Amino acid sequence: MNETSDALLLSLIKNPASKDKGFLQLMDTYKKPIYWHIRRLVVSHEDAEDILQETFINVYRFADSFKGESKVFTWLYRIATNECTKHFRKNKNWLKNAELITNKMLGDISVSDTENSEAMLVKFQQAILRLPEKQRMVFNLRYYDELSYEEIAQILDSSVNTLKTNYHYASEKIRQYLIEHA
Amino acid sequence: MLKMNKDSNDMKQLDDFPGIGKKLPYREPIDFFEGLSEKTLRQAKLREQNHRRSLVLWRTVAVAASISAFALVGYFMFEPELTKSPQIVQEKQLPEQPLIEIAKQPEIVAEIKKEVPEKVPEIIAAKENNAEDMGDILADLSDEELMQLAAMYKADPFISESEQ
């Protein structure tokens with residue numbers, strides 16, 4: 001999505017006459033990447049669906065408060081990340097539920113050479129789940145979304161150097177976990 | 001996957017786990033994204049409508065509470081009965097008849113006599129002993145003393161109006 005398209009979308013949303021049309025276009029553009037960003041953090045589809053909806057409801061209601069100081073996707077990712085943080089605070093058992101889901105996945109994968117890669121994917125997610133919240137967010141945004149540290153800094157309101165450190169430690173911990181559970 | 005920006009200097013870091021790649025072990029439900037935008041828009045409009053209604057409700061409640069508070073304060077500030085002194089209120093409340101009956105008891109009379117000014121005991125003593133001496137005593141009093149005596153006599157709650 002280029003900046004011209006983003007600016008057009010924003011102007012549509014901020015205009016009461018075209019707000020609904022602009023919102024639908026915005027959501028059609030960003031719903032999948034935002035969904036997967038949330039899903040990677042919370043694991044459960046039901047939770048991801050609720051948080052995704054909450055994110056875009058906030059976008060609709062508070063579109064006027066966005067001043068265009070950052071890119072649109074940065075703004076959307078920030079709202080989604082904040083909603084995930086709220087979810088973690090509200091649901092103390094979310095990690096237990098996420099681990100249950102990944103353990104069930106491991107149990108469902110039958111032992112065969114071709115499916116070792118599937119098991120590896122699940123263990124990779126389990127390793128990410130064990131990271132502290134901030135490291136997990138930084139790792140996902142950098143590894144899966146391939147965002148620059150400057151963009152991640154705008155989303156997480158953190159310094160670039162701190163984020164680089166977070167990513168480094170996160171990678172080390174994941175590597176260690178995969179070695180121990182190979 | 002949305003690729004927004006790539007920092008070519010750090011590309012090597014993104015291949016930290018080459019055997020795993022970017023694949024995830026879970027999928028979204030089939031047709032999950034179909035109609036999601038329209039459904040979310042409906043929810044957003046409903047939420048905004050509910051928010052506006054609750055704002056109106058809370059503003060109404062706040063105004064009603066303010067008016068009630070002002071009315072209550074005004075009532076207590078300007079209510080006439082409450083501005084009178086407690087003594088007068090108490091005197092109005094106390095039944096006069098029973099007090100007079102109690103006051104006629106000899107021991108109560110003696111108690112009251114102890115508290116009246118000096119001239120009155122003389123007057124009472126004269127009245128009890130010899131009524132003719134009363135005139136002499138009164139003649140000795142100054143105008144001011146006579147007026148004080150008259151005021152005390154008039155204000156005495158234990159003397160009935162017919163005696164006055």
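Which residues on the other side of α9(A) are exposed? They are A:Asn161, A:Ile179 and A:Glu180, where exposed means over 50% relative accessible area, buried under 20%, and partly exposed in between (1.4 Å probe, protein chains only). This is a predicted model, in which local features need pLDDT of at least 70 and side-chain atom pairs count only at pLDDT 80 or more, while totals for chains, interfaces and linings use all residues. Residues are numbered from 1 along each chain as its sequence is written, chains are lettered from A, and side-chain values use heavy atoms, with hydrogens and water left out.

**Helix α9 of chain A**

- Helix α9 of chain A covers residues 160-180; helices are DSSP runs (H or I, at least four residues), as strands are runs of E (at least two), numbered from the N terminus.
- Its 21 residues reach 30 Å from the first C-alpha to the last, close to the expected 30 Å, which is 1.5 Å times one less than the number of residues.
- The buried residues of α9(A) are A:Leu163, A:Asn166, A:Tyr167, A:Ala170, A:Ser171, A:Ile174, A:Tyr177 and A:Leu178.
- Viewed down the axis of α9(A), these buried residues fall within an arc of 130 degrees, so they line one face of the helix; the arc is that of the directions from the helix axis to the C-beta atoms.
- An α-helix has 3.6 residues a turn, so residues three or four places apart point the same way.

**Surroundings of A:Leu41**

- A:Leu41 lies in helix α2 (residues 19-42) of chain A and is buried, with a relative accessible area of 0%.
- Leaving aside residues up to four places away in sequence, A:Leu41 touches A:Cys84, A:Phe88, A:Trp94, A:Leu129, A:Arg136, A:Met137 and A:Asn140, contact meaning heavy atoms within 4.5 Å.

**Chain B and its interface with chain A**

- Chain B has 9 helices and 0 strands, and buried residues make up 16% of its 164 residues.
- The contact between the chains takes 36 residues from chain B and 47 residues from chain A.
- About 4,400 Å² is buried between chain B and chain A, 62% of it from carbon and sulfur atoms; buried area is the accessible area (1.4 Å probe) that two parts lose on being put together, summed over both.
- Across this interface the rule finds 5 salt bridges, each a side-chain nitrogen of Lys or Arg within 4 Å of a carboxyl oxygen of Asp or Glu.
- B:Lys23 forms a salt bridge with A:Glu118, their closest N and O atoms being 3.8 Å apart.
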